[in-house]
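These are my notebook entries on a structure that I looked up for the first time. I set down each item in the order in which I examined it.

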Amino acid sequence: EGRTARACDRRSTMVTQGLTPRDAAERLAPDGPNAPPPPRRVGPFARLGHQFRDTLVRLLLAAIALDLIVWVTEGAVGWPVEAISIALVMTLNAGLGLVQELRSERARAHLDELAAPWSWVLRDGELTRVAARTLVVGDVIRLESGDRAPADTRPFADTDFLVDESLLTGESVPVPRGHTDEIAAGCLVLRGAGLLEVLRTGPRSALGRLAHLIDSTTPQPTPLE
C-alpha cells in the first residue's frame with residue numbers, strides 16, 4: 001500500500017509539475033535526441049556497385065568476357081550477339097535494383113517528415129513549446145486534435161483520445177486510446193486533448209523502430225533475377 005501511495009503521489013506531482021529543465025537535460029544526455037536514427041548515406045557509385053555483388057551477376061559478367069574472347073579469337077566477325085544480350089539484361093536488372101533502393105530511401109525520408117517537430121511539454125509546472133528532439137522519458141506533454149505524437153506516450157487518467165494509427169498498422173479505422181493504452185510516435189490525434197507521459201523516445205519509439213526496419217531491409221532478388 002505504501003508503494004502504491006508513493007506511486008500515486010509521484011504521478012500526481014508529474015501531472016502538475018512535470019520534469020525540471022535540469023532533470024530533462026540529465027536524461028537527454030544518455031538517451032540521445034528524440035529522433036529516428038539517421039539514415040545511411042550511400043553514394044551513387046556505391047549504390048550502383050550494390051547491383052553487381054550477386055553471384056549470378058558475376059557469372060553473367062564472366063559469360064560476357066568469355067563470349068567476347070571467343071568472338072575476338074574467331075576474327076571479330078559480325079556482332080557479339082550473346083555478350084550484347086547479356087549486357088542488356090544486366091543493365092535492366094541493375095536499373096530495377098536501383099529503383100528498389102530509391103523507393104526505400106523515399107519511404108525513409110517520408111518517415112522523417114512525419115516526426116513531430118515541436119511539442120508542448122510541462123516543465124516546472126509551466127506548459128512550454130519545445131523542439132520534439134529534446135523530449136525525454138518521463139516528460140509530460142500535451143496533445144490535442146491535429147497533433148502527431150512526438151514519442152511513445154500514455155494518457156493520464158480520465159483522458160480519452162481517438163487516434164489514427166494507419167502509419168504503423170495500416171488500419172484505416174481510428175482507434176480509441178485511454179489511460180491504459182499507449183499512443184505510438186507518429187500517430188495522429190483525431191479527437192481529444194490532454195496530458196500524456198512520455199514512455200519511449202528516439203530509436204526506441206515505434207517510429208524509430210520502423211525507421212530501423214526500413215534501413216536494415218535488404219533488397220530482394222528482382223523478378224528478372
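I noted that the model is predicted: local features need pLDDT of at least 70 and side-chain atom pairs count only at pLDDT 80 or more, while totals for chains, interfaces and linings use all residues. Residues are numbered from 1 along each chain as its sequence is written, and side-chain values use heavy atoms, without hydrogens and water.

I then asked which residues of H4 are buried. They are Val57, Ile64 and Asp67 (buried means under 20% relative accessible area, exposed over 50%, partly exposed in between, with a 1.4 Å probe and protein chains only). Down the axis of H4, these residues fall within an arc of 80°, so they line one face of the helix. The arc is taken from the directions from the helix axis to the C-beta atoms. On the face turned away from that buried side I found the exposed residues Thr55, Arg58, Leu59, Leu66, Ile69 and Thr73. Just after H4, Gly75 has a positive phi of about 105°.

I moved on to the loop between H4 and H5, where Trp79 is found. Trp79 counts as exposed, at 70% relative accessibility. Together with Val81, Ile84 and Leu88, Trp79 forms a nonpolar surface patch with about 470 Å² of accessible area. For such a patch, residues have over 30% relative accessible area and no salt bridge, and nonpolar side chains (Val, Leu, Ile, Met, Phe, Trp, Tyr) are joined within 5 Å; a salt bridge is a side-chain nitrogen of Lys or Arg within 4 Å of a carboxyl oxygen of Asp or Glu. Areas come from the Shrake-Rupley method with a 1.4 Å probe.

In helix H5 (residues 81-114) I looked up Val89. Val89 is partly exposed, with a relative accessible area of 40%. Its C-alpha atom is separated by 9.4 Å from that of Leu60, 29 residues apart along the chain.

Last, I examined Thr201, in the loop between strand E8 (193-200) and helix H7 (206-216). Is Thr201 buried or exposed? Thr201 is buried, at 0% relative accessible area. Leaving aside residues up to four places away in sequence, Thr201 touches Asn34, Leu135, Val136, Val137 and Ala151 (contact means heavy atoms within 4.5 Å).

Technical notes. Helix = DSSP H or I, 4+ residues; strand = E, 2+ residues; numbered from the N terminus. Patch = residues over 30% accessible without salt bridge, like charges linked within 9 Å, V, L, I, M, F, W, Y side chains within 5 Å.
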